[in-house]
Amino acid sequence: MLQHFDPEKDYGTPAQVSENLVTLEIDGVSVTVPEGTSVLRAASEADINIPKLCASDNLEAFGSCRICAVEIEGRRGTPASCTTPAEAGMKVVTQNKRLGKLRRNIMELYISDHPLDCLTCPANGNCELQDVTGEVGLREVRYGFEGDNHLSAEKDHSNPYFSFDPSKCIVCSRCVRACGEVQGTFALTIDGRGFDSTVSPGQKQPFLDSECVSCGACVQACPTSTLMEKSVIDAGQPEHSVVTTCAYCGVGCQFKAEMKGSEVIRMVPYKDGQANHGHSCVKGRFAFGYATHDDRITKPMIRDSIDQPWQEVSWEEALSFASSKLKGIQEKYGRESIGGITSSRCTNEETYLVQKLIRAAFGNNNTDTCARVCHSPTGYGLKTTLGESAGTQTFDSVMYADAVMVIGANPTDAHPVFGSLLKKRLRQGAKLIVADPRRIDLVKSPHVETNHHLTLRPGSNVAFINAMAHVIITEGLEDTAFIAERCETEAYQAWRSFISEDRHSPENTASVTGIDATELRGAARIYANANNAAIYYGLGVTEHSQGSSMVMGIANLALATGNIGREGVGVNPLRGQNNVQGSCDMGSFPHELPGYQHVADDEVRARFEAVWGVSIDNEPGLRIPNMFDAALDGTYKGMYCQGEDIAQSDPNTNHVQAALRSLECLVVQDIFLNETAKFAHVFLPGASFLEKDGTFTNAERRINRVRKVMPPLAGMQDWEVTQALSNAMGYEMNYSHPSEIMDEIALLTPTFTGVNYDRLEEMGSIQWPCNNEAPDGTPTMHIDSFPIGKGHFAITEYVATEERSTRKYPLLLTTGRILSQYNVGAQTRRTENQAWHDEDVLELHPQDAEDRGLNDGDWVGIASRAGETVMRAKVSDRMQPGVVYTTFHHPGSGANVVTTDNSDWATNCPEYKVTAVQAVKVNEPSQWQQRYHEFNDKQLSFLKEGREKKAKARD
Amino acid sequence: MGNHQLASLIKMANQIAANNTHIGDDVAEAKMVADHLRKFWARSMKAQITEYLESDGSELSPIAKQAIVLL
């Protein structure tokens, strides 16, 4: 196991960037720093460590505690070094008798109102107050402890993950500043003045009831145990740590897993994490308890039919059972009758192995991945227009953007750490355009207000993006020099002629988009006129019948305005799961080998065949929805599904479940008996991200290391299970570590040739392409040219979806995600995050609610042509009339029972974002829900029965 | 030939055609659709849709039909 003991030095104030350097003398040492650097930081960089309490290098200097006071030659008094900029020629003294006395006096006052329970305090061993008290040499408190104090202040334990003990607060405001400056939520304030000053969440509310989003920035900032993780209170301070990468969203935050033995005590966002720079959200920071939840299945299981109890068996028996079943199916129904699904929750190495298993051991290309149902249109759209199936920037690039357009994404909920960075840039003055049918938090939140919220109708994306382009072209706002130099002339002329047609004007498309033409023109002008304009988009772009057209429309806009190829601009898909980018890169799609190399390309196939020692089919395989259809038709009979829960996440649940029931052998590899596993014949226990080595690739194309911090509960990491299955199938694999798998990936993937584990250790992370042309990786894409030579303008004709509101189904349902839950909820539902969202609800506009006699909390039946389910109603003015919204984090809510099998024309990505529905007040669960609960209970009893039988046999 | 898959394939082929009818030249449009099917559809899918065109084809749009002939 790789151990990383990083002291993570805190330099006191943020680093400054300046071409002008200043040289000063601190304690007789000459120090040179960029202009604007504080004296405190300048000293710290020379390893002269001035005591400090209210200062932290992720927060602007505050100058409140005065502990960092220094003497400066020629100046009166003892200025705080944190708020004093270093100047050329300055002579600074950081330690002398006078300063020592001053610091002791300050600490004496702090300690006179602080509990002296250090030995039993949770922060013992990791307390800055204690450290500074020691550093200044405080030996007595002359004031005594009998006077007025805060020692009996009431504690707040309302947050599930941390406690607030105001008796230990020194009112340094670090938590308040972290909440504002780092997280951008501004949930905390200092209430009262002088002696009465206290940290107040919201309006003096308990943390759980306030606007606090539980990101943990305040806990991390606290120099005492005032804000402390409950896990540390319970278990004590960790004794070692390992740096690894979060397994939630596509931001790819790095954390220090702080451990006691093999138990994770807390996850602390890693300051050197190149995607998160020491920040986190409630999921990555706190919601890791699922990894050791009682629901974990750690023994392989088999059964002949899904109407039978499970039998716990050895790994050998389970793998032999699975391989003989799969081989038997192929013998009976043909080579193409089986396939598999890779997971964006698994590592690059694991997804690579699964697709290799399918292509080499199964002998076909029936491999697909869950990106099919989220970002497959990104792959198609960006490859067609820009030549590479990936976003163009780093996250940090947003700090150089002057205008930001967020389309169909909700970063503060779904990509919270990037959301915080974006809000920081917006507070600095960047302009914001939000295109979303729903009023997401970004539209208006503390110190952030969008310039234009374009409330487009679900299904009208392409008409909207065409109207944006129409304004830019017809008003002459395009970047003619960029177009002439960087784009295909013929395609541009064709597109220009198409987009200039009057039918695309905002006025003529308003009846389709629902967007006020003046608002849209204003937004287009902001985007086109900004020095740097960046587009960030999510599944509100891709999960439509024209998802791929919309991605191309976005790329067209960036090309037309020259917003490609430098910091602050670009086309940025916000990937949903942790390794969506990676699972796509690794050849999970049925038509592409790793690195987006088409299976029909003889030269490409020959390279893989030489290394793999088998011949590879030159025809694409089935995509997930095609697999379901083929299963129902009886031509697809066996499937290996690693780390995905298609029964819950894929649309039209009735259709999916019928397909799964029709399989003769479904092999599920997961950490829980998820919804899909309830239809399985073989269950292979998986490993959580804490139990494995590998890499994830985030939305910036950043390859981050995942490091094993505890042994796999079931004895094998996921890549080892796939390898064992392959060997059982008769195709030999002999990797001894995931680094060897990465070496093979690098050998076969032109954009990865410079990637290996040693380089990852050295650099921390690498953004692909990383090869001879870009040995240190590629933070910004397309700087000088595109992989296809010139940028390609694609014509994006608006074609209305077949899914439209009718008299029978007058509302449009759109689905999405919420901050505290993640995807199908398999992980977060098994954590305390349930405190925020323990059921999916249907949000609807007050008018739609009133028309139906619905109030908050009423049961509401939601029916579409695909199915019917029941949830509680939440009346919300976030919605526009005629549009309703829900999440799909809880299987029993049946959100995907309602969604249809409509999909993107180019990629079959489901049209989750547009379903025509009716909503009515009801009194009981739907028939589907009743059937679901019955089936679920039966499957759980099969699990219990199998475990009990095994236990008896052992006795 | 199964009904589930065939119904989906017809819908998909028509949808691909509908999203590639901006050139104003039937031959070029059919070629684009055919290229798409070649690049992304599995062997069995192409075989099924071809078989359907040969035996019936009535639910396919004109461009989709022309494209499938090119497979």
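Visitor: What do I need to know about the model and the numbering?
Guide: This is a predicted model, where local features need pLDDT of at least 70 and side-chain atom pairs count only at pLDDT 80 or more, while totals for chains, interfaces and linings use all residues. Residues are numbered from 1 along each chain as its sequence is written, chains are lettered from A and ligands numbered from 1 in the order written, and side-chain values use heavy atoms, leaving out hydrogens and water.

Visitor: Which helices of chain A supply at least two residues of domain 4's side?
Guide: α10 (376–385), α11 (411–414), α18 (539–542) and α19 (547–560) of chain A each do that on the side touching domain 5 of chain A. Helices here are DSSP runs (H or I, at least four residues), numbered from the N terminus. α19(A) gives the largest share, four residues.

Visitor: And how many salt bridges between those two domains?
Guide: Four between domain 4 of chain A and domain 5 of chain A, a salt bridge being a side-chain nitrogen of Lys or Arg within 4 Å of a carboxyl oxygen of Asp or Glu. Lys913(A) also pairs with Glu543(A) in a salt bridge, closest N and O atoms 3.8 Å apart.

Visitor: How much area do they bury between them?
Guide: About 2,100 Å² for domain 4 of chain A and domain 5 of chain A, 53% of it on carbon and sulfur atoms. That's accessible area (1.4 Å probe) that two parts lose on being put together, summed over both.

Visitor: Switching to chain B: how many residues does the contact with chain A take?
Guide: 24 residues from chain B and 32 residues from chain A, with contact meaning heavy atoms within 4.5 Å. The area buried there is about 2,200 Å², and carbon and sulfur atoms give 49% of that.

Visitor: Which chain B residues lose the most area to chain A?
Guide: Asn19(B), Phe40(B) and Arg43(B), together 28% of what that side buries. Arg43(B) also meets Glu336(A) in a salt bridge, 2.3 Å from N to O. The count between chain B and chain A is three salt bridges.
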